[in-house]
Amino acid sequence: VVSTQSTGWLIVAGILLSLYLLSFVVAPVNYYGKMILYYLVFFLTAVLHMVYCPFFPKNRDNTYTLAPFFYHMSRLVTGLTIEAEGMEHIEKSDAGYIIMANHQSSLDTLCMAKIWPHRAIILMKKSLMYVPFFGWAAYLSGHEFITRASGASNEVRDHMNLINERIKEERLRVIVFPEGTRNRTFDGKMLPFKKGGFHMAQQSQCAILPVLIYITPDVYDSKRWVFNRGTVRVKVLEPIPTVGLTKDDVNGLLEETQTKMQGALDAMIVKKE
């Protein structure tokens, strides 16, 4: 006689097997199945931070230490291979710098985990600090949270000045997505860059390290529910110095950086095709 509990497990197993088989022929099932698994790995990594980070609270290298777990587990569930070029620029200097990366999809996090440098942090909205697990893990890992509330301009300015000092004193590497938002209609061209990261680079007099991420539409395309096994290319360009630049040079610095990054991205697209 089969018990009720055994029957329940058989039903669950049958559903999972059916979904697995459907993923080979029904694009949405494959796409959402992999995305659920990918975000599950994200959640597990946050939980791992919660276990590990209390022993090293606010240590800027906590994420560096745990990034390989996220990277390898994400590769396993997504079937993606990350090819990175220019890795020698990541630790070429022990100084702090600003990483400028294009923002194509949520898979950019996986790509950044591949090249995550020592003492790297991300600037986040302060409201994210209160998101269960994710926000707590980010706080314990020493990432910085910026207030965006109206009327808080003085607080934001003081905090940014403090971060600029920490970039020099603690040799921080700050990760910035200069497009400001995910490029959901990616057609090979990046969105116009925002100035915030460039003001930070100029004020701290630290170099900009451009990073390009390119995922072909036959590997990942959320609009068409495409999520296949394949290769994602990441390219780290040579650092762009900012020593001696003033606030009057910020526009030129932005244009130089976007021109170099777009040119490198164009070359990656042509090479892939």
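Helices (H or I, at least four residues) and strands (E, at least two) are DSSP runs, numbered from the N terminus. This is a predicted model, in which local features need pLDDT of at least 70, side-chain atom pairs count only at pLDDT 80 or more, and totals for chains, interfaces and linings use all residues. Residues are numbered from 1 along each chain as its sequence is written, and side-chain values use heavy atoms, with hydrogens and water left out.

**The chain as a whole**

- The protein chain has eight helices and nine strands.
- Of its 273 residues, 43% count as buried, where buried means under 20% relative accessible area, exposed over 50%, and partly exposed in between (1.4 Å probe, protein chains only).
- Among contacts in the protein chain with a separation of 6 or more, 74% link residues 24 or more positions apart; a contact means heavy atoms within 4.5 Å.

**Helix H3 on its own**

- H3 (residues 62-78) has 17 residues and reaches 24 Å from its first C-alpha to its last, close to the 24 Å expected at 1.5 Å a residue; the expected span is 1.5 Å times one less than the number of residues.
- Its buried residues are Asn62, Thr63, Leu66, Ala67, Phe70, Tyr71, Ser74 and Thr78.
- Those buried residues pack against helix H2 (27-52), strand S1 (80-85), H4, helix H5 (134-140) and strand S8 (226-227).
- Just after H3, Gly79 takes a positive phi of about 75°.

- Two packed helices are described by the angle between their axes and the distance between the axes.
- Here axes are lines fitted to C-alpha atoms, for helices over the stretch in contact, and angles run from 0 to 180 degrees between N-to-C directions.
- H2 and H3 pack at about 155°, with their axes 9 Å apart.
- That angle makes H2 roughly antiparallel to H3 (under 35 degrees counts as roughly parallel, over 145 as roughly antiparallel, 65 to 115 as roughly perpendicular and the rest as oblique).
- By class, the contact of H2 with H3 has 12 nonpolar, seven polar and one charged residues; Ala, Val, Leu, Ile, Met, Phe, Trp, Tyr, Cys and Pro count as nonpolar, Asp, Glu, Lys and Arg as charged, and the others, Gly among them, as polar.
- H3 and helix H4 (residues 108-115) pack at about 135°, with axes 9 Å apart, and are therefore oblique to each other.
- Ala67, Phe70, Tyr71, Ser74, Arg75 and Thr78 of H3 meet Thr109, Leu110, Ala113 and Lys114 of H4.

**Helices H6 and H7**

- The axes of H6 (residues 153-169) and H7 come within 9 Å and cross at roughly 55°, so H6 and H7 are oblique to each other.
- Met160, Asn161, Asn164, Ile167 and Lys168 of H6 touch Met200, Gln203 and Ser204 of H7.
- In H7 (residues 196-204), the buried residues are Gly197, Phe198, Met200, Ala201, Gln202 and Ser204.
- Just after H7, Gln205 takes a positive phi of about 55°.

**A closer look at Ile213**

- Ile213 lies in strand S6 (residues 207-214) and is buried, with a relative accessible area of 0%.
- Ile213 and Asn102 are 111 residues apart in sequence, yet 6.5 Å apart in space, C-alpha to C-alpha.
- Beyond its neighbours within four places in sequence, Ile213 is in contact with Asn102, Gln104, Asp108, Cys111, Met112, Val232, Arg233, Val234 and Leu265.
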